[in-house]
Amino acid sequence: MAIKQLSISLENIPGALSNISQILGKEGVNIRSISVADTADISTVRFVVDDPMKAINILKANNYNVRVK
């Protein structure tokens, strides 16, 4: 089974990453690993979850642009 890495871009504002984890957690999706690379204005958040398709649908429903690798 191939592991899918999801990536989203977030503004560098307080609570942005917390919001993502709350959205996924509320729907029962667990984040298995996470990596954040930031610049002054935008962060790229890469993560692996236990249910990638569910996470993609949840994030898209909440207006996040999700990239899958």
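This is a predicted model: local features need pLDDT of at least 70, side-chain atom pairs count only at pLDDT 80 or more; totals for chains, interfaces and linings use all residues.
Reader: Let's start inside: which residues of the largest nonpolar core touch the most other members?
Author: The largest nonpolar core has 17 residues, and those touching the most other members are Ile8, Leu24, Phe47 and Leu59.

Reader: Take Leu24, then; what is it in contact with, leaving aside neighbours within four places in sequence?
Author: With those neighbours set aside, Leu24 is in contact with Val29, Ile31, Phe47, Val49, Ala55, Ile58 and Leu59, and of these, Phe47 and Leu59 are also named among the core members that touch the most others.

Reader: Switching to Ser7: buried or exposed?
Author: Ser7 has a relative accessible area of 7%, so it counts as buried, the cut-off for that class being under 20%. Ser7 lies in strand 1, which runs over residues 6-11.

Reader: What does Ser7 touch, not counting residues up to four places away?
Author: On that count, Ser7 touches Val45, Arg46, Asn65, Val66 and Arg67.

Reader: Now the surface: which residues make the nonpolar patch?
Author: Leu17, Ile31, Ile34 and Val36 make a nonpolar surface patch of about 300 Å², and strand 2 (residues 31-38) gives the most to the patch, with 3 residues.

Reader: Why does Ile34 count as partly exposed?
Author: Ile34, whose place is in strand 2, counts as partly exposed because its relative accessibility is 47%, and that class falls between the 20% limit for buried and the 50% limit for exposed.

Note on methods. Residues are numbered from 1 along each chain as its sequence is written. Side-chain values use heavy atoms; hydrogens and water are left out. Patches are made of residues with over 30% relative accessible area and no salt bridge: like charges are joined within 9 Å, nonpolar side chains (Val, Leu, Ile, Met, Phe, Trp, Tyr) within 5 Å. Accessible areas come from the Shrake-Rupley method with a 1.4 Å probe; for residues, only the protein chains shown count as cover. A salt bridge is a side-chain nitrogen of Lys or Arg within 4 Å of a carboxyl oxygen of Asp or Glu. Helices (H or I, at least four residues) and strands (E, at least two) are DSSP runs, numbered from the N terminus. Buried means under 20% relative accessible area, exposed over 50%, partly exposed in between (1.4 Å probe, protein chains only). Contact means heavy atoms within 4.5 Å. A nonpolar core is a set of buried Ala, Val, Leu, Ile, Met, Phe, Trp, Tyr and Cys residues joined through side-chain atoms within 4.5 Å.
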